[in-house]
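Here's a quick briefing to read alongside the model. Have a look at the strands and the metal site as you go.

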Amino acid sequence: MKVNLAEAHARLNKAKEIHQKAKVFDGHCDTILKIINDKRSLKRTLGKKSTTGHLDIPRMKEGGIDVQVFAVFIEDIYKPDRALKRALQLIDCFYREIEKNQDDISLVTNYNQIEGINRAGKIAAILSIEGGEALEGDLGVLRVLYRLGVRLLTLTWNQRNQIADGIGESRTGSGLTEFGLKVIDEMNDLGMLIDVSHLSETGFWDVIKRSKTPIIASHSNCYALCSHLRNLKDEQIKALTDKDGVVGISFVPNFLTQERRKTTVKDVVTHIDYLVEKAGINYVGLGSDFDGTGGLPLGLGGVDKMPNITTELLNRGYKEGEIEKILGGNFLRVFKKVVG
Ligand SMILES: [Zn+2]
């Protein structure tokens, strides 16, 4: 028993060491929406440790985050005809938060900036939009959003928009519209990450066919383990990874298991295991959905708990180099290839 305890302790230290050394990349959070909607005297800001949400700078530091994708999520009441204005309000909120905390975090728009910002001991923030409604059907708007620093677009949320149908519209089985195809081409030309999380299955296959660059699912899990509409089927995983893309495993309990029980960090790692088994080590990453989900698994209640994933990966026999790829290396490879 004593030997086992010593072993466990050594492994914990090893996990800490690996986690600290690795680049940790989280592909999705909805924190900006939480901050803008906090009407009560700025209780929630990125700079202050929050007691209610999942993510802030003090906890990102504890969690060893190097790169964080911040999504601009547009609520239903603003769709479709006030979506762009709402997106701009959220982008403004994001910029103000980044400026208030410029010693700790910076917006990055290319791979070299990530390297530089991390070397300066700061967190690199990537700006993304969750829901193509923000384009309001205009490629010019897409180009302006790119100029504002947006490098990732989740084409749809669950509904239909000008680009495509979301997974909530699966009854009609529709995919990309003509405008949607143009958006894919323009994103390819600009160097933006195309995100298929929330997209209908037909839409997914349209994107696979159309996009010349790797695509990502920023926060989706494996359908074979949990048959939720938001998860990717084996054929989708194969197609996405054949294209050199990456899947960010989300921590949303409903996407982890259909069993009515409390989920834990082990469930997250089980989805990672499955992707590695199906596609190899190069195509899986993390896409927490912090501040975008009510509940979270035990042991992953906030971004500060990220090292628990590393401990569990180590427990399951992953080697250091493999863990580095899962924690961030894979997402960074695709970001470098697509965004430059
Ligand atoms: Zn989402």
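Leu127 has Val150 in E5 as its bridge partner. E4 and E5 pair in the parallel sense over four bridges (strands pair if DSSP finds at least two bridges between them). This is a predicted model, where local features need pLDDT of at least 70, side-chain atom pairs count only at pLDDT 80 or more, and totals for chains, interfaces and linings use all residues. Residues are numbered from 1 along each chain as its sequence is written, and side-chain values use heavy atoms, with hydrogens and water left out.

- From E4, the chain goes through helix H6 (residues 139-147) to E5 in a right-handed β-α-β crossover (clockwise from the first strand over the helix to the second, with the strands pointing away from the viewer).
- Helices (H or I, at least four residues) and strands (E, at least two) are DSSP runs, numbered from the N terminus.
- E5 also runs parallel to E6, joined by three bridges, with Leu153 partnered by Ile194 in E6.
- Five of the five residues in E5 (residues 150-154) are buried (under 20% relative accessible area; exposed is over 50%, partly exposed in between, with a 1.4 Å probe and protein chains only).

**Zinc site**
- Glu130 (OE), His198 (NE2) and His219 (NE2) coordinate the zinc ion at 2.0 to 2.2 Å.
- Donors are N, O and S atoms within 2.8 Å of the metal (3.2 Å for Na, K and Ca); water is not among the atoms, so sites may look incomplete.
- Glu130 counts as buried because its relative accessibility is 2%.
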